[in-house]
Amino acid sequence: MEEPLTHEYGEVRIPFRLWEALYHTLLTERERETKCFLVCQSLEMGDSTVFLVRELVPLREEDYEERSSARVVTRPEFVHALLQRCANEGLSLLEAHSHPWGGNARFSQVDHRSDLQKFQTTEVIPPPFRHGTLVFGSDMSFEGHLWDYTNREVVPIVRIKVLGEPYQIRYATNFAMPSLESALRTLYDRQVRALGDQGQTILSRLSVAIVGAGGMGSQAAMALTHLGVGHLTLIDPDRLEMSNLNRVVGALWFQAERRQPKVEALARHLNRVRPPSDWGVEPLPIDVREPLALAHLLSADVIVGAVDSAVVRHYLNLVAVCGLVPYLDAGVGVRAEGGQLREGGGQVQVILPGETACLTCVGHLVKQSVQEQLTPQQRAMSVARGYIQGEPVANPQVVFLNGVVANLLVWELVKLCTGCHAVQPYVYYNLLEQKAFPVDAPRNPDCFVCGDSNSLLGMGLVGIEGYQRRAEKSAPARIPPPRSSKAEPTTPALPKKKKRGRARRGK
Ligand SMILES: [Zn+2]
């Protein structure tokens with residue numbers, strides 16, 4: 001179910017708050033066209049350019065040069081000031097206007113001509129500047145395009161990811177959505193009966209990056225494979241050991257004896273479940289902070305984190321918030337004394353950047369509301385599991401707890417992406433009481449990572465790299481270098497776009 005996107009194309013990711021603002025700005029007036037600007041960070045990912053929307057700039061009546069039911073033109077001074085700001089601050093720009101009289105939005109011939117002219121003019125602004133335009137119909141259907149500097153042509157913006165609930169991946173009206181093939185309809189018949197044709201189609205197009213191929217990550221990968229997700233990337237530098245066989249799904253004893261990378265053993269197993277024509281699974285036996293892993297995290301539709309390390313979890317949180325990718329984090333813990341299981345539990349957190357609490361919001365609240373809702377033992381375990389850093393020790397691990405929590409996570413992922421039921425942003429599972437219950441974990445609007453202003457929300461690579469540089473400076477031991485000793489030689493980088501030579505872009 002890979003998409004036939006072999007040429008350069010564009011994608012837009014937008015926090016829900018800004019999507020709502022866009023809707024109200026563009027479609028309050030139904031008689032005349034309306035225009036606004038979206039100030040973005042851009043990400044260059046292989047053949048795609050991703051616009052991460054940071055801010056909406058509306059127009060006042062006096063900012064229009066012309067405005068009617070068939071045409072909308074902005075005053076040149078207004079646009080010039082915005083372009084100047086983008087050039088100074090390393091930002092990108094999307095122009096959006098409405099065709100408010102109907103659905104199934106399409107650019108008009110006039111739009112095409114004027115956009116081409118604008119794109120050629122703004123070519124002189126140095127990278128990372130990118131320029132695109134969008135047109136929206138009354139139902140927020142859209143068409144979009146941007147300027148490909150390498151081939152000097154207009155290329156389509158094919159999808160907009162709206163970080164709301166449900167998480168919507170909306171495709172452009174000029175992009176043909178392949179429907180579920182009849183063979184797959186048979187394969188997923190029982191599931192389509194529960195999630196509907198549309199739900200199954202959404203899952204079949206979904207690309208998920210799973211970090212951690214241990215007891216919980218392998219269970220989540222297994223369930224996502226059965227669900228029929230379109231693409232899985234498995235990231236974990238660790239190799240199998242005999243002591244993993246009690247909980248790592250799909251791992252075989254001779255693979256552990258040969259100390260094969262966990263992700264390779266897992267990918268081999270998953271590839272036996274479904275025909276390769278149906279999907280793709282990619283094992284990456286490298287540290288999650290290596291550039292190749294980062295590229296995969298940023299291009300995934302959803303990130304799943306199933307790791308013990310607080311450092312890695314906070315890194316994933318940072319990547320998710322900066323790259324506007326939903327992130328589902330899960331952790332488990334078992335407390336035992338002298339071979340007696342005393343306490344066990346786990347939690348699943350759904351981080352929808354800009355909408356639900358991120359790990360930093362919850363960390364901030366760790367002594368407050370979230371922790372107040374747990375028993376003292378649950379609190380101690382939760383702290384031990386993720387929010388206080390320390391050397392990893394050989395904690396007790398049991399497959400039944402991993403399985404429950406991994407599947408709680410997968411259920412939240414299905415709810416988030418298909419909209420079949422309300423998402424529970426934070427769920428705690430108590431093993432001894434056999435109870436899963438929601439915990440109130442409000443987002444902190446002043447969070448320096450995901451908050452509403454001056455945060456890292458949608459800051460792309462600038463945010464990730466800046467944060468890490470600051471973290472390294474203030475506490476060199478906080479973010480250790482990638483563990484490459486255990487990893488296989490690094491696989492080649494994602495196919496990169498040919499360099500956008502500045503020389504080609506004129507001066
Ligand atoms: Zn936050």
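The following conversation goes through some local features of a predicted model.

Me: Before we start, what kind of model is this, and how are residues numbered?
Reply: This is a predicted model, in which local features need pLDDT of at least 70 and side-chain atom pairs count only at pLDDT 80 or more, while totals for chains, interfaces and linings use all residues. Residues are numbered from 1 along each chain as its sequence is written, and side-chain values use heavy atoms, with hydrogens and water left out.

Me: Which residues coordinate the zinc ion?
Reply: The SG atoms of Cys358, Cys361, Cys447 and Cys450 coordinate the zinc ion at 2.3 Å. Donors are N, O and S atoms within 2.8 Å of the metal (3.2 Å for Na, K and Ca); water is not among the atoms, so sites may look incomplete.

Me: What geometry does that site have?
Reply: The site of the zinc ion is tetrahedral, with angles of 95 to 119° among its four donor atoms. Four donors count as tetrahedral if all angles lie between 85 and 135 degrees.

Me: And how are the donor residues spaced in sequence?
Reply: The spacing is C-x2-C-x85-C-x2-C. Cys358 lies in the loop between strand 16 (340–351) and helix 11 (359–364), and Cys447 in the loop between strand 18 (435–438) and helix 15 (460–474), so this pair ties together parts that are 89 residues apart in sequence. Helices (H or I, at least four residues) and strands (E, at least two) are DSSP runs, numbered from the N terminus.

Me: Is Cys358 buried or exposed?
Reply: Cys358 is buried, because its relative accessible area is 1%. Cys447 also counts as buried, at 3% relative accessibility. Buried means under 20% relative accessible area, exposed over 50%, and partly exposed in between (1.4 Å probe, protein chains only).

Me: New topic: how many aromatic pairs does the structure hold?
Reply: There are eight aromatic pairs. One of them is formed by Trp19 and Phe136, which are edge-to-face, with 6.0 Å centre to centre and 70° between the planes. Rings of Phe, Tyr and Trp (its six-membered ring) pair if their centres lie within 6.5 Å; planes under 30 degrees apart count as stacked, over 60 as edge-to-face and the rest as tilted.

Me: Where in the chain do Trp19 and Phe136 sit?
Reply: Trp19 is in helix 1 (residues 16–27) and Phe136 is in strand 7 (residues 131–137), so the pair links distant parts of the chain, 117 residues apart. Trp19 counts as buried at 7% relative accessibility, and Phe136 counts as buried at 0%. Ring pairs also link Trp19, Phe136 and Phe142 into a cluster.

Me: What about Trp253 and Phe254?
Reply: Trp253 and Phe254 form an edge-to-face pair, at 5.9 Å centre to centre and 90° between the planes. Trp253 counts as exposed at 52% relative accessibility, whereas Phe254 counts as partly exposed at 31%.

Me: Where is Arg130, and which side chain does it contact?
Reply: Arg130 is in the loop between helix 3 (109–122) and strand 7, and it counts as buried at 0% relative accessibility. Its side chain is joined to that of Glu44 by a polar contact of 3.0 Å. A polar contact is a pair of N or O atoms within 3.5 Å; within protein, one must be able to donate a hydrogen and the other to accept it, and residues adjacent in sequence count only if both atoms are side-chain atoms.

Me: Last one: which peptide bond is cis in that loop?
Reply: The peptide bond from Pro127 to Pro128 is cis, with omega near 10°, and Pro128 is in the loop between helix 3 and strand 7.

Methods: Tetrahedral: all angles 85-135°; square planar, octahedral: opposite > 155°, others 65-115°.
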